[in-house]
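Please examine the model shown below. The dialogue that follows works through selected features in turn.

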Amino acid sequence: MAWPEAAVVGLFGLLGGSAAGWNGVLMAEAARLAAPGRAGEAAGGVLAVAFAGVVVGPSLLGGLIGMAGSYATGFALLALLPAAGVAIAWRNSRPAR
């Protein structure tokens with residue numbers, strides 16, 4: 001079953017908007033939380049870490065696929081990184097006892 005062309009264009013518009021907008025929100029929050037006079041350093045540091053995945057990710061995925069012997073296993077192993085991030089964020093968001 002093929003999607004209507006308008007639905008595909010609309011979906012890609014939504015995906016493009018979310019892909020283009022997240023880094024501005026990230027930089028604004030980093031600047032808001034930064035020490036006075038250090039907003040630029042904070043935003044730059046946050047973006048350097050955020051985009052490290054863009055630099056390292058393809059090579060890491062290629063290595064995982066090569067070791068695992070399949071794309072599915074390589075992607076599953078790579079998915080452990082964001083899963084660990086979710087676990088850490090969830091753990092840190094709970095109130096201390």
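**Exposure, packing and confidence**

In this predicted model, Pro-58 is exposed, with a relative accessible area of 55%.

Student: Which helix holds Pro-58?
Tutor: Pro-58 has a relative accessible area of 55%, and the cut-off for exposed is over 50%. The C-alpha atom of Pro-58 lies 23 Å from that of Leu-26, a residue 32 positions away along the chain. The helix that contains Pro-58 is α3, residues 52-68.

Student: Are α4 and α5 roughly parallel or roughly perpendicular?
Tutor: Helix α4 (residues 71-78) packs against helix α5 (residues 80-93) at an angle of about 25°, and their axes are 4 Å apart. Angles under 35 degrees count as roughly parallel. The arrangement of α4 relative to α5 is therefore roughly parallel.

Student: How many residues of the contact of α4 with α5 are nonpolar?
Tutor: On the α4 side, the contact involves Ala-76, Leu-77 and Leu-78, while α5 contributes Leu-80, Leu-81 and Pro-82. No polar and no charged residues take part, and the number of nonpolar ones is six.

Student: In which helix is confidence highest?
Tutor: The chain averages a pLDDT of 91, with 99% of the residues scoring at least 70. Confidence is lowest in helix α1 (residues 5-33), at a mean of 90, whereas the highest value, 94, belongs to α4.

Definitions and conventions. Residues are numbered from 1 along each chain as its sequence is written. This is a predicted model: local features need pLDDT of at least 70, side-chain atom pairs count only at pLDDT 80 or more; totals for chains, interfaces and linings use all residues. Side-chain values use heavy atoms; hydrogens and water are left out. Axes are lines fitted to C-alpha atoms, for helices over the stretch in contact, and angles run from 0 to 180 degrees between N-to-C directions. Helices (H or I, at least four residues) and strands (E, at least two) are DSSP runs, numbered from the N terminus. Angles under 35 degrees count as roughly parallel, over 145 as roughly antiparallel, 65 to 115 as roughly perpendicular and the rest as oblique. Contact means heavy atoms within 4.5 Å. Ala, Val, Leu, Ile, Met, Phe, Trp, Tyr, Cys and Pro count as nonpolar, Asp, Glu, Lys and Arg as charged, and the others, Gly among them, as polar. pLDDT is the predictor's confidence in each residue, from 0 to 100. Buried means under 20% relative accessible area, exposed over 50%, partly exposed in between (1.4 Å probe, protein chains only).
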